Amino acid sequence: MRYISTRGRAPALSFDEAMLTGLARDGGLYVPEDVPALSRDDIAALAGLSYEEAAFRVMRPFVGDAFTDAEFGDIIARAYAGFGHDARAPMVQLGPNHFLLELFHGPTLAFKDFAMQLIGQLFEAELTRRGERVTIVGATSGDTGSAAIEAFRGLDAVDVFILFPEGRVSDVQRRQMTTPVEANVHALAVKGDFDDCQAAVKDMFADFPFRDEVRLAAVNSINWARVLAQVVYYFTAAVSLGAPQRGVSFTVPTGNFGDVFAGYIARRMGLPIERLIVATNRNDILHRCLETGEYRTAGVSPTISPSMDIQVSSNFERALFDVYDRDGRAVAQLMDELKAAGGFAVSQGALGRLRDIFGSGRASEDETRATITRAASRMGETLCPHTAVGVKVAEEQGIGATPMVTLATAHPAKFPDAVEAATGTRPPLPDRMADLFERPERVTSVTKDLHSIEAIIRERIQT
Ligand SMILES: *Cc1c(COP(=O)(O)O)cnc(C)c1O
């Protein structure tokens, strides 16, 4: 199994190389050269398996000979052992033919744990084999950083440094980053905003001597292994609703297009997904693009669903690559236009192909709040604001004979203020982390100056 760049000018890599590399050297994203298919019988045989067994069968063809069956099975087992629900991704019913896929039972209460926990174990296994260590550095506005810390804490081959804007993440998010006790975890509170954190990380990657010295690595949402991990729950959900005999649709609260793109891969593998609905908050570049064919940035506007507050959706490039017949040069041209002019027009042919698969909708802040209120009183469910965006958009599409599954991307207790404002009740943290607010915090306060951050990293890494 080889991986190629969406911009067509970087070397093809194996699974483990693509995973450790992240972004391709031509600026593109890695995608599998061929998407392996599961037959109807293969899909039917997933029924009744544990999440881990299904994960093994769905992901195995993508991994090639990077790991043996036994190694890969162990990696999956370790990745999901810390989840707070035996089903890992259970479903509940919201209304007639409308289901909620709960992806928030991982250690940081958001769906990103599915990918991060797996990537932590994949990195550890591959680096140990190679006898190497890396330094993971990331900037976060909240969710990704805590998921990364949870995934890498205590691993031998990795140090993890997460930069977050001091005073600008929620208390739950901050404590998830500052309370792990393992020596390889380093939470850095930056005096500045999220853009300052992101700029510092970008500058570190551009500082080649430093980058090589500490062997910097990234695990951002464009990493192919993260997308792959998310393909699994589309299979488990669809099979439990009757696939492959019955088709299923999904509505996905979307920011960077990683999660919904995983649904697209599941469909290409042969899972009978009828529609994939992209649900956005008022940061709606994807919804506008699917409606008009114009992909154009419009600045970020803060919402109560902050993990979807994005200016551009980086993983969308992977979908464009396919609908442009895998023409890397055409994709590179669109991305150049995006950089130079803030947007581009999708060709009619490509737009038609996107619309054959993807629908879209947008929820305003008022609609999101009203959906949280209504779900609590009419559906017996407390929704996080991201999930509420999905539920609102799913309902607006009209739910007919095909079952609709909306992805619940975070636990309501991660966003207690918004949920309390809409329902009158403050959602409690699950028992297994009820003492989060009693645990001691460990954090280093830093200025946004690149050299002082680099000095701290040099001093702290275990060589
Ligand atoms: C990251 C995130 C999203 C958006 O997912 P993408 O893969 O970026 O589209 C939605 N909801 C929550 C809670 C998230 O953390």
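This note goes through the predicted model of one protein chain point by point.

1. Residues are numbered from 1 along each chain as its sequence is written. In this predicted model local features need pLDDT of at least 70 and side-chain atom pairs count only at pLDDT 80 or more, while totals for chains, interfaces and linings use all residues, and side-chain values use heavy atoms, with hydrogens and water left out.

2. The protein chain contains 19 helices and 15 strands, where helices (H or I, at least four residues) and strands (E, at least two) are DSSP runs, numbered from the N terminus.

3. For 463 residues a compact globule would have a radius of gyration near 23 Å, and the 21 Å of the protein chain agrees with this; the radius is taken over C-alpha atoms, and the globule rule is 2.2 Å times the number of residues to the power 0.38. The C-alpha trace spans about 60 × 50 × 50 Å along its principal axes.

4. Of the 463 residues in the protein chain, 60% are buried, a word that means under 20% relative accessible area (1.4 Å probe, protein chains only).

5. How many disulfides does the count give? A disulfide is taken here as a pair of cysteine sulfur atoms within 2.5 Å, and by this rule the count is 0.

6. Among contacts (heavy atoms within 4.5 Å) between residues at least 6 apart in sequence, 74% join residues at least 24 apart in the protein chain.

Definitions and conventions
Buried means under 20% relative accessible area, exposed over 50%, partly exposed in between (1.4 Å probe, protein chains only).
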